[in-house]
Amino acid sequence: MDVLSVGETMVLFSPKTNGQLRYANDFSARIAGAETNTLIGLAKLGHKTSWISRVGNDELGAKIVSAVRGEGVDTTHVKHDKEAATGLFLKEKTNAQTSSIFYYRKDSAASKMTSEDIENIDVSDTKYLYITGITPALSKSCEEMIFALLHKAKKEKVTVVFDPNIRKKLLDKNNGVELIKKIIGLSDIVLPGKSEGDFLFDTTDAAEISKYCRNLGAGAVVVKLGEKGAYYENKDQNGFVGAYSVPYVMDPVGAGDGFAAGLLSGLLDELAWKDAVKRACAMGALVTQVDGDIEGLPTQDQLQAFMESDNQ
Ligand code: CKP
Ligand code: MG
């Protein structure tokens, strides 16, 4: 297995019209979840990926599993929970530029995951474990499960990649920051964004964010800088990679997950760090140009063509 991940995927209902949600009558229904976005991005590039989760024993759960499996991600470790429902969320488009999201995921099937969900999973042939800060924020039992999985991965020398993906609506107000910092300290590669640097360390400076993460114990850090590209640092090297220019941004949600897929794909293909980060930036740029989280994730040929055209 190239990349294993665990997390919640929901159905996202997006209104076809702008304005208050109370007046929205027509919606599109798409699947969305940071971890499956990344796994799907990797699968579309030809890598072997597997997803651990729970969905409800319901229609939305069936929709999610069939979509994720249909994209080529292994779903053997996804359970159908008979007691809890699949989570969902709604988008409210205030105007063409701004939107808000409303989660309906409290006590969802995925939030009921426990350490038992990962107990019998053999990670010894897994190259990378990819996790985000969303999963441990879902519930206490999910938090315990993430640490159990992290320890299992460490024991088997699986490389741990962590995207903090701060969700203020989910993180515990009192110890949320400490929780994220603890996971940063246990990770081999951390992928924060500028706003996450601000939230965690009170700085938006890429080199400083990286220093803070590395002081906590992270091996390597790649800071996502949006339209400015990315900054990477590990024990041997550091540097900036410029962003790919895009003609327009249709939907920035999911760009971070595409970025993670690009980086992991580059590392799996044993590219130099700078080139893996370049691939990450290209993936992020491609995702922003299409509505939806996974719909803009490219095939190998599309990625190659985009990177070869002079967009950077
Ligand atoms: O940080 P991103 O915009 O790349 O993440 C978007 C995803 O998992 C989205 O798909 C949503 O379902 C979520 O983050 C979430 O739980 O907020
Ligand atoms: Mg993100």
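At what angle do the axes of helix 1 and helix 8 cross, and within what distance do they come? The crossing is at roughly 45 degrees, and the two axes come within 8 Å. This is a predicted model.

**The shell around ligand 1**

- There are 17 residues around ligand 1.
- Ala34, Tyr103, Arg167, Asp257 and Asp293 come nearest.
- Eight residues of the shell are nonpolar, five are polar and four are charged.
- Helix 8 gives the most to this shell, with three residues.

**Polar contacts with ligand 1**

- The side chain of Tyr103 has an N or O atom 2.5 Å from an oxygen atom of ligand 1.
- Asn165 places a polar side-chain atom 3.0 Å from an oxygen atom of the ligand.
- Ala32 takes part through its backbone: an N or O atom there lies 3.3 Å from an oxygen atom of ligand 1.
- How much of ligand 1 does the protein bury? Taken alone, ligand 1 exposes 420 Å², and the protein buries 90% of that.

**Helix 1 and helix 8**

- Two packed helices are described by the angle between their axes and the distance between the axes.
- For helix 1 and helix 8, those values are roughly 45 degrees and within 8 Å.
- Helix 1 is therefore oblique to helix 8.
- Their crossing is right-handed.

**Helix 8 and helix 9**

- Helix 8 also pairs with helix 9 (residues 273–288), and their axes come within 7 Å.
- These axes cross at roughly 150 degrees.
- Angles over 145 degrees count as roughly antiparallel, so helix 8 is roughly antiparallel to helix 9.
- Helix 8 passes helix 9 in a right-handed crossing.

**Helix 4 and helix 5**

- Helix 4 covers residues 140–155, and helix 5 covers residues 176–185.
- Their axes come within 11 Å and cross at roughly 15 degrees.
- Are the two helices roughly parallel or roughly antiparallel? Angles under 35 degrees count as roughly parallel, so helix 4 is roughly parallel to helix 5.
- The crossing of helix 4 and helix 5 is left-handed.

Methods: Residues are numbered from 1 along each chain as its sequence is written. Chains are lettered from A and ligands numbered from 1 in the order in which they are written. This is a predicted model: local features need pLDDT of at least 70, side-chain atom pairs count only at pLDDT 80 or more; totals for chains, interfaces and linings use all residues. Side-chain values use heavy atoms; hydrogens and water are left out. A residue is near a molecule or strand if one of its heavy atoms lies within 4 Å of it. A polar contact is a pair of N or O atoms within 3.5 Å; within protein, one must be able to donate a hydrogen and the other to accept it, and residues adjacent in sequence count only if both atoms are side-chain atoms. Accessible areas come from the Shrake-Rupley method with a 1.4 Å probe; for residues, only the protein chains shown count as cover. Helices (H or I, at least four residues) and strands (E, at least two) are DSSP runs, numbered from the N terminus. Ala, Val, Leu, Ile, Met, Phe, Trp, Tyr, Cys and Pro count as nonpolar, Asp, Glu, Lys and Arg as charged, and the others, Gly among them, as polar. Axes are lines fitted to C-alpha atoms, for helices over the stretch in contact, and angles run from 0 to 180 degrees between N-to-C directions. Angles under 35 degrees count as roughly parallel, over 145 as roughly antiparallel, 65 to 115 as roughly perpendicular and the rest as oblique. A crossing is left-handed if the near helix is turned anticlockwise from the far one by less than a right angle, and right-handed if clockwise.
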